[in-house]
Amino acid sequence: MHWEEIEREFATDFAGFVTGGLLRSFDTGSRKPSPVFFAQLLDRIRSRLRIPGLSADEVLFVDDVRENCEAARDLGFATHLHLNHDVAALELSLRQARAL
């Protein structure tokens, strides 16, 4: 699922959340699945949410590439592997992570 699809499918639910902490991978300036990417991602989320002690396991990383999710999981992130545009499964993961 690409960013445009996420916005289209979840526009109402994300309306208040996007300014709080949802971050697109291309906003970090590095590439997945590099550990540098995930470190930058976590730093950006901490800064945006103003929670310096936020840990990786409090962040849900969503991607449609297994290797990227595995790298994130190895670094402690909660993950959702988004396959086949399964919006219901993504919504469930987001709700379980209290992101919606």
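Modeller: Helices here are DSSP runs of H or I with at least four residues, strands are DSSP runs of E with at least two, and both are numbered from the N terminus. The model is predicted, so local features need pLDDT of at least 70 and side-chain atom pairs pLDDT 80 or more, while totals for chains, interfaces and linings use all residues. Residues are numbered from 1 along each chain as its sequence is written, and side-chain values use heavy atoms, without hydrogens and water.

Colleague: Which residues of helix H4 are called buried?

Modeller: Buried means under 20% relative accessible area, exposed over 50%, and partly exposed in between, with a 1.4 Å probe and protein chains only. In H4 (residues 87-96), Val87, Leu90, Ser93 and Leu94 are buried.

Colleague: Why are they said to lie on the same side of H4?

Modeller: The arc is taken from the directions from the helix axis to the C-beta atoms. These residues cover an arc of only 125 degrees around the axis, which puts them on the same side of H4. The face turned away from that buried side carries the exposed Ala88 and Gln96.

Colleague: What makes a set of residues a nonpolar core?

Modeller: Its members are buried Ala, Val, Leu, Ile, Met, Phe, Trp, Tyr and Cys residues joined through side-chain atoms within 4.5 Å. The largest such core has 13 residues, with Phe38, Leu41, Leu42, Val59, Phe61 and Phe77 having the most contacts inside it. Helix H2 (35-49) gives the most to this core, with 5 residues.
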